[in-house]
Amino acid sequence: MTEKGPVLVATEADDITADMVITELNRRNVPVVRFSPADIGAGLTVSARFGTCPAPVVGQVRTRSRTADLTQVRAVYWRRPTWPAFPHHSDDDARLAAAQVRYGLGGTLYSLDGPLWVNHPLRNAAADYKPAQLAVAQRLGLPVPPTIVTNDPGEARQFITSHAAVIHKTLRWTPYQRDGVPVTAWAEPVTAAEIDDSVSVTPHLFQARVNKVADVRVLVVGSRVFAVRIDSSLLDWRKDYSALSYTVVGLPDHMDKALRAYLDHFGLMSGSFDLAVDRSGDHWWLELNPNGQWAWLEEKTGLAMSAAFADLLTQGETP
């Protein structure tokens, strides 16, 4: 890898967040090759050779306007890539083709050991399991609200009745429609009377409600930590962004260190944490989004988040 190598940015076609980081990289005169895996065969080409050179892998990723030498890539910003669905193929052919792209293009990129990844998709995936997140948070000494993951209706009722207030969360956000209308699952209050046998179909996450006065969204980028207090009257602040107010805050030293250690545990260079602040001023760990949104926070607060990403990607190595 050379100092002047490009940064690969893998993301969907319309991504304001990636645009902000690319703008910062352009200001630094860092070459960028942006692509979406969905463009394979229509402007995106990958060609890699193995076992034919001293280097373990040589080749190129090419778009209509840019070319990246795989031996020269300094960093990969794995934002929100879209994989092809091949809708004009039969179901079986589409599944086969999609698998070849994931394991061909994806596998080639994953084989590179020179670039800095922000973040490596396999590490993102490992960090995306909420039960694992809860266990790691507790091991690191972060305050975790009492939580149960269960598909046993009786266990769920017992847990709910043993706490003053309980909320239900999905274990993973998943695109979902009901009668053709997109539906988002928010954190919602739940009572024991609402639990029926349908709970047994899949595991559910129930969590004791924190008596919070505010939320805090924390973005960690390499060695930099940005914390923003979000004030609202909402249980789940994502329901109405117009009802929110923002304040840049600092974190207690032990919390700052624990969140950095949390990312180190999963081998991540960046992540967005959600915390709740209770009436005593204590911070409760809620969850990590290893590839969370942050662009709107930069716009609201002026924090130099995109510049922090550009600095990290320009450096091209673990801080």
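Student: How many cavities of 30 Å³ or more does the count come to?

Tutor: The count comes to 2. A cavity here is a set of points, on a 1 Å grid over the protein atoms alone, where a 1.4 Å probe fits but cannot get out. Grid points are joined across faces, edges and corners, and a volume is the space filled by probe spheres set on the points. Bear in mind that this is a predicted model: local features need pLDDT of at least 70, side-chain atom pairs count only at pLDDT 80 or more, and totals for chains, interfaces and linings use all residues. Residues are numbered from 1 along each chain as its sequence is written, and side-chain values use heavy atoms, with hydrogens and water left out.

Student: What volume does the largest cavity have?

Tutor: About 70 Å³.

Student: Which residues lie nearest its centre?

Tutor: Ser 270, Pro 290, Asn 291, Gly 292 and Phe 309. They belong to a lining of 14 residues. Lining residues have an atom within 4 Å of a point.

Student: Which strand gives the most to that lining?

Tutor: Strand β17, residues 270-278, with 3 residues. Strands (E, at least two residues) and helices (H or I, at least four) are DSSP runs, numbered from the N terminus.

Student: Switching to Asn 119. Where does Asn 119 lie?

Tutor: In the loop between β7 (116-118) and α3 (121-126).

Student: Is Asn 119 buried or exposed?

Tutor: Buried, because its relative accessibility is 3%. Buried means under 20% relative accessible area, exposed over 50%, and partly exposed in between, with a 1.4 Å probe and protein chains only.

Student: What does the side chain of Asn 119 reach?

Tutor: The backbone oxygen of Ser 270, at 2.8 Å. The Asn 119 side chain also makes a polar contact with the side chain of Asn 124, at 3.2 Å. A polar contact is a pair of N or O atoms within 3.5 Å; within protein, one must be able to donate a hydrogen and the other to accept it, and residues adjacent in sequence count only if both atoms are side-chain atoms.

Student: Which residues does Asn 119 touch?

Tutor: Trp 78, Asn 124, Leu 268, Met 269, Ser 270 and Pro 290, leaving out residues up to four places away in sequence. Contact means heavy atoms within 4.5 Å.

Student: What kind of peptide bond joins Val 118 and Asn 119?

Tutor: A cis one, with omega about -15°. Most residues other than glycine have a negative phi, and most peptide bonds are trans.

Student: What about phi, then? Where is Asn 29 found?

Tutor: In the loop between α1 and β2. Asn 29 has a positive phi, near 60°, though it is a residue other than glycine. Asn 29 counts as exposed, because its relative accessibility is 69%. Phe 86 has a positive phi too, near 50°. Phe 86 sits in the loop between β6 and α2 (91-110).

Student: Back up to α1. How many residues does α1 have?

Tutor: It has 12, residues 16-27. From first C-alpha to last, α1 reaches 17 Å, close to the 16 Å expected at 1.5 Å a residue. The expected span is 1.5 Å times one less than the number of residues.

Student: What happens at the start of α1?

Tutor: A side-chain oxygen of Asp 15 comes within 3.1 Å of the backbone nitrogen of Thr 17.

Student: Which residues of α1 are buried?

Tutor: Thr 17, Ala 18, Met 20, Val 21, Ile 22, Glu 24 and Leu 25. Their cover includes β1 (7-10), β2 (32-35), β6 (75-78), α7 (295-301) and α8 (305-315).

Student: Which residues does Ser 306 touch?

Tutor: Met 20, Val 21, Glu 24, Trp 294 and Glu 298, not counting residues up to four places away in sequence. Ser 306 is in helix α8. At 2% relative accessibility, Ser 306 counts as buried.

Student: Last one, α5. Which residues of α5 are buried?

Tutor: In α5 (residues 153-161), they are Pro 153, Ala 156, Phe 159 and Ile 160. They cover an arc of only 130° around the axis, so they lie on the same side of α5. The arc is that of the directions from the helix axis to the C-beta atoms.

Student: What is exposed on the other side?

Tutor: Gln 158 and Thr 161.

Student: And what covers the buried residues of α5?

Tutor: The cover includes β8 (147-150), β9 (166-169), β12 (188-190) and β13 (204-208). At the start of α5, a side-chain oxygen of Asp 152 gets to within 2.8 Å of the backbone nitrogen of Gly 154.

Terms used:
On a 1 Å grid over the protein atoms alone, a cavity is a set of points where a 1.4 Å probe fits but cannot get out, and a pocket is an open set with protein on both sides within 12 Å along at least five of seven lines; lining residues have an atom within 4 Å of a point.
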